[in-house]
Amino acid sequence: MIVADRKSLEEIQEMIKPHRKLLIVGCKGCVTVCNVGGSKEVEILASALTIARKKENNEIEIDTTTIERQCDNEYVSQLKETVGNYDAVLSMACGVGPQFLSEYYREQKFYPAVNTTFFGGAVSHGIWEERCAGCGTCIIHDFDGICPIARCAKSLLHGPCGGSSNGLCEISKETICIWDAIVAKKIEQGRLEDLLKVRPAKDWRTARDGGPRRSIREELTR
Amino acid sequence: MRLNYPSEVKVIQVPCTGRVDIIHLLNAVEKGADGVYVAGCLEGECHYLTGNIKTRKKVEYVKKILGEIGIEPERVEMYNLSSAQGARFAEIAREMTAKIRELGPSPVRMNDPVSEKKAA
């Protein structure tokens, strides 16, 4: 899923400073699963902003709603009756949400309430980690299900660099050297020689290097 | 036991403190409460195993939010005591009331004539 973090309340307060009537829109997709922009978090943000404004004696009226997905116009269109009733709209979806909303409702002003961070999963309750870089050409099978592009700080494809020490990466004591993990897994499985395989250079045109990407599935288009 | 505790304290009963959510505490502050505290069972004695421990974390989160928006985080607290500790319950009520009295009225209520009236 796409993982995000809520922006600081200070930053959000600054964004919405000129507005007195606001709609906060949550998303029931990824941001609900990573507990950052679902209906619960929308209510918490609304309450926090209301308290802050009451304290400043500059009251704000905030309404909330959470739609199925903000990355789908079918659901985005459900806001058409209400979206015009507000000075601005704060989206708690990943970066896709406020873009879809502002493309659909060109007259309205949209703000992102979260910072979209990575594609990943929950490794334990409340802790998420990056697992995929969305490079467009998956090769994790070559590394026993471990992605060196997303999980190596340098995205190396040919073994650890000199910054690997005792299984940790030089960037932080909390970051494991993923190449250490790949080699350990290969040894464990008795397949270390797999790493000797010569592979053609990776085609980075399918990643961001090739510009904004588009996916067309002819069988689904109308 | 007939113990006295300050009449400002309004008790809201829940089956377990685990039921108390972040939004409940925020709503209380938003509506003008000068302070809110959660009285949970002693740690390790939760009938539902971890309800009180989970809620302590929620209380900490609410404190963080309040700090970020310039409201004294001490207005929200979590206490642990057993249901047999009536005297401690009264003591906590006095302790919390004294602390809130020292902090003064909530800045939220100060600027809101409606909740100011209600609170009075």
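**Reading chain B**

Author: From the N terminus on, the elements of chain B follow the order α-β-α-β-α-α-α, which comes to 5 helices and 2 strands. Please keep in mind that this is a predicted model.

Reader: What makes chain B as compact as a globular protein of its length?

Author: The globule rule gives 14 Å for 120 residues, and the radius of gyration of chain B is 14 Å, close to that value, so chain B is as compact as a globular protein of that length. Along its principal axes, the C-alpha trace of chain B spans about 40 × 35 × 20 Å.

Reader: Why is strand S1 of chain B called mostly covered?

Author: A residue counts as buried when its relative accessible area is under 20%. In strand S1, residues 36-40 of chain B, 4 of the 5 residues are buried, and the strand is accordingly described as mostly covered. For chain B as a whole, buried residues make up 41% of the 120 residues.

Reader: How do you know that S1(B) and strand S2 of chain B pair?

Author: Two strands pair if DSSP finds at least two bridges between them. S1(B) and strand S2, residues 76-80 of chain B, have 5 bridges in the parallel sense, and they are therefore a pair by that criterion. Within this pairing, Val38(B) stands opposite Met78(B) in S2(B).

Reader: What share of the contacts in chain B between residues at least 6 apart in sequence join residues at least 24 apart?

Author: Among those contacts in chain B, with heavy atoms within 4.5 Å, 67% join residues at least 24 apart.

Note on methods:
Residues numbered from 1 in each chain as written. Chains lettered and ligands numbered in written order. Predicted model: local features only at pLDDT ≥ 70, side-chain atom pairs only at ≥ 80, totals over all residues. Heavy atoms only, no water. Rg over C-alpha atoms; globule rule 2.2 N^0.38 Å. Buried < 20%, exposed > 50% of the residue type's maximum accessible area, 1.4 Å probe, protein only.
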